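Okay, thanks for coming, everyone.

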Amino acid sequence: MSDQAASAPQSTAVSTPPQPRPLGAVNWLGLWTLYKKEVRRFLKVSFQTVLAPVATTLLYMIVFSLAIGSRRGEVMGVDFTAFVAPGLIMLGMLNNSFANSSSSLIVAKVQGNTVDFLMPPLSPGELAAAFIGGAVTRGVIVGTATALAVAPFVDVSISHLWAMLYFGLSAAAMMSMIGLIAGLWAEKFDHLAVITNFIIMPLAFLSGTFYSVEILPEPFYTISHVNPVFFMIDGFRYGFIGAHDSPLLIGGLVVLAINIALLVASYLLLRSGWRLKS
């Protein structure tokens with residue numbers, strides 16, 4: 001009896017090693033996770049990242065309304081405050097889109113946390129999409145909050161929704177990609193401050209935000225038309241007041257071409273690991 005029991009086959013459980021998760025052409029889970037991380041990062045300090053820009057824009061509106069509005073009269077067929085409001089909304093979107101992507105990368109580099117997004121199976125395109133998407137989200141939230149805040153004081157009715165969406169989203173995407181490239185290049189926060197103070201702000205303030213470029217003499221009129229921020233603000237303002245300073249088709253194509261070039265540059269830099277892996 002014991003011999004039969006000994007000769008009986010023994011059942012052994014064979015453990016199956018864990019299998020890698022099939023990712024497919026796009027790692028949607030990783031992309032969505034990194035995007036949520038970028039969004040939550042600025043929402044946790046929304047008082048600083050969302051409410052502060054809105055308060056700054058309201059201060060601008062108060063100053064322009066009280067000090068200049070009553071004397072300036074109409075600009076491009078609308079009240080001066082209605083003319084300025086879209087430009088101020090765009091400024092908030094530009095500054096915050098740039099700040100989100102650039103600060104995310106520089107903080108990760110300074111704190112040594114780049115491994116958090118370099119080690120997971122994320123391609124350079126997925127990294128770029130997550131960082132750019134998070135920055136665009138912040139720009140859109142700030143722009144929407146700003147528009148709602150100034151609406152009780154200024155007419156911000158939309159005349160052409162397509163223009164507002166196209167130029168608004170294109171502007172946020174452009175500054176997001178510039179911020180991504182700046183964040184890769186910068187080694188400390190002072191480097192980002194140089195780009196913000198000497199490149200981003202001059203381009204924004206000299207782009208017809210507070211005036212129509214039609215009043216500028218040469219060569220400043222021509223110089224304004226080589227400023228990409230001018231085309232974005234002009235197209236965005238057209239979405240609100242229905243008037244523009246330059247041909248919208250040219251402006252739209254210029255913005256599209258720049259965004260494609262910046263997207264390619266962002267992808268190539270992330271793929272090379274420039275100043276991330278070294």
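Let's start with helix α8, residues 189–205: at 1.5 Å a residue its 17 residues should span 24 Å, and the end C-alpha atoms sit 22 Å apart, which agrees. The expected span here is 1.5 Å times one less than the number of residues. Helices are DSSP runs of H or I, at least four residues, numbered from the N terminus.

Quick housekeeping: this is a predicted model, so local features need pLDDT of at least 70 and side-chain atom pairs count only at pLDDT 80 or more, while totals for chains, interfaces and linings use all residues. Residues are numbered from 1 along each chain as its sequence is written, and side-chain values use heavy atoms, with hydrogens and water left out.

Back to α8. The helix bends by about 35 degrees at T196, where the bend is the angle between axes fitted to the seven residues ending there and the seven starting there. L192, I195, I200 and A204 of α8 are buried; buried means under 20% relative accessible area, exposed over 50%, partly exposed in between, with a 1.4 Å probe and protein chains only. And what do the buried residues of α8 pack against? They pack against α4 (80–111), α7 (161–185) and α10 (228–241), with contact meaning heavy atoms within 4.5 Å.

Now the charges. I'm calling it a salt bridge when a side-chain nitrogen of Lys or Arg is within 4 Å of a carboxyl oxygen of Asp or Glu, and that rule gives two. One joins E38 and K37, at 3.6 Å, N to O. E38 counts as buried because its relative accessibility is 0%, whereas K37, at 43%, counts as partly exposed.

The other salt bridge pairs E187 with R275 at 3.7 Å, N to O. This pair links distant parts of the chain, 88 residues apart: E187 is in the loop between α7 and α8, and R275 in the segment after α11 (248–272). E187 is exposed, at 54%, and R275 is partly exposed, at 29%.

Last, the pocket. A total of 23 residues line the largest pocket, and P53, N95, N96, A99 and R138 lie nearest its centre.

Key. Helices (H or I, at least four residues) and strands (E, at least two) are DSSP runs, numbered from the N terminus. On a 1 Å grid over the protein atoms alone, a cavity is a set of points where a 1.4 Å probe fits but cannot get out, and a pocket is an open set with protein on both sides within 12 Å along at least five of seven lines; lining residues have an atom within 4 Å of a point.
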